[in-house]
Amino acid sequence: MRELFLTASTRDADFTMSCAVLQGLAWMTARRSIHRILFFHGEPQPKPLKNTRAFQQSRHLQLWKDLSNQLMRSSYVLQTAYEVSLERDFGKGTAMEFNSSPGTLRWTDLPDPARDTPVTSRKKIEIPEQFSLLTALTDNGFRYKNEMIQESYSFVRENVEFVFTRYYHLPESPGRPITTLPPWGDLRPLDPAQKWVLNVKLNVPDDSQPEKVKKAHEELLAVKAELDRLFEFRPVDRRVFDTRIAPPPARVIPGT
């Protein structure tokens with residue numbers, strides 16, 4: 001799958017007005033969602049997913065195979081995302097059982113060079129509703145790195161998704177996720193300016209057809225023209241989205 005998106009930001013003071021604009025554009029009330037995002041660091045040397053016991057029976061087995069093919073050519077940082085509830089999960093002292101909770105596994109590639117366009121284009125794989133994700137990753141050499149909270153407000157118009165996102169720090173817990181989540185009011189936004197990031201997204205399921213990718217690109221540029229007076233969509237350095245892990249340096253053998 002290929003994901004194409006525009007990127008802008010809005011101040012927290014302007015957030016309510018910005019949501020109202022998109023609500024009128026999409027004729028819908030925003031869907032608010034909160035996710036707990038865990039990051040897992042692959043091994044330095046690229047290798048496929050050899051241990052399949054945790055996902056062999058998955059109805060998305062082909063997506064796991066596609067992911068394995070990508071991991072053969074480069075090592076990456078992967079994400080697991082779990083939807084959480086303000087009322088149930090924050091400040092309640094309850095521990096989350098990750099392996100028995102459904103989550104989404106996310107992989108994204110380095111975006112294509114921008115070539116004078118504000119549209120970011122990259123390959124992605126998302127495997128939804130998976131149990132035992134922590135087991136699947138640790139079985140294949142991935143190590144827990146860190147975690148954060150993602151708060152989103154999304155609108156959909158036809159096949160275009162408009163998403164406001166903000167991320168929050170969680171207390172550090174070396175080697176494993178924290179046991180319980182703190183109260184929501186104790187969380188600090190990752191961005192000191194507390195801005196919201198707006199992404200306008202389109203997915204192309206079959207990116208082997210260049211004409212479909214081109215059409216999606218043109219559709220996003222039309223949305224940009226529609227919203228230019230309200231949001232400043234800018235090109236983003238693709239290195240910001242680079243999740244690849246550099247391979248270890250080659251060993252130099254004396255005398256060669």
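Tutor: Let us begin with a pair of charged residues: K224 forms a salt bridge with D228, with the closest N and O atoms 3.1 Å apart. This is a predicted model, in which local features need pLDDT of at least 70 and side-chain atom pairs count only at pLDDT 80 or more, while totals for chains, interfaces and linings use all residues. Residues are numbered from 1 along each chain as its sequence is written, and side-chain values use heavy atoms, with hydrogens and water left out.

Student: What makes K224 buried and D228 partly exposed?

Tutor: Buried means under 20% relative accessible area, exposed over 50%, and partly exposed in between (1.4 Å probe, protein chains only). K224 has a relative accessible area of 18% and is therefore buried. D228 has 38%, so it is partly exposed.

Student: Why is the pair of K124 and E126 also called a salt bridge?

Tutor: The closest N and O atoms of K124 and E126 are 3.8 Å apart, and the limit is 4 Å, so the name applies. K124 is buried, because its relative accessible area is 7%. E126, at 38%, therefore counts as partly exposed.

Student: What makes R59 exposed, and which residue does R59 pair with?

Tutor: R59 has a relative accessible area of 65%, so it is exposed. R59 forms a salt bridge with E129, with 2.7 Å between the closest N and O atoms. This pair links distant parts of the chain, 70 residues apart: R59 lies in the loop between β2 (31-41) and α2, and E129 in strand β5. Salt bridges also link R2, D112, K123 and D207 in a network.

Student: How do you know that β4 is largely enclosed?

Tutor: Helices (H or I, at least four residues) and strands (E, at least two) are DSSP runs, numbered from the N terminus. In β4, six of the six residues are buried, so the strand is largely enclosed by the rest of the structure. G103, L105 and W107 point one way from β4, and T104, R106 and T108 the other way.

Student: What makes β1 mostly covered, and which strands does β1 join?

Tutor: Eight of the nine residues of β1 (residues 2-10) are buried. Four bridges join β1 to β5, where L4 stands opposite S121. Nine bridges join β1 to β8 (residues 196-204), where T7 stands opposite N199. The strands run antiparallel in the pairing with β5 and in that with β8.

Student: Where do the buried residues of α2 lie around the helix?

Tutor: In α2 (residues 61-73), W64, L67, S68, Q70 and L71 are buried. Seen down the axis, the buried residues fall within an arc of 160°, so they line one face of the helix. The arc is that of the directions from the helix axis to the C-beta atoms.

Terms used
Pairing = 2+ DSSP bridges. Salt bridge = Lys/Arg side-chain N within 4 Å of Asp/Glu carboxyl O.
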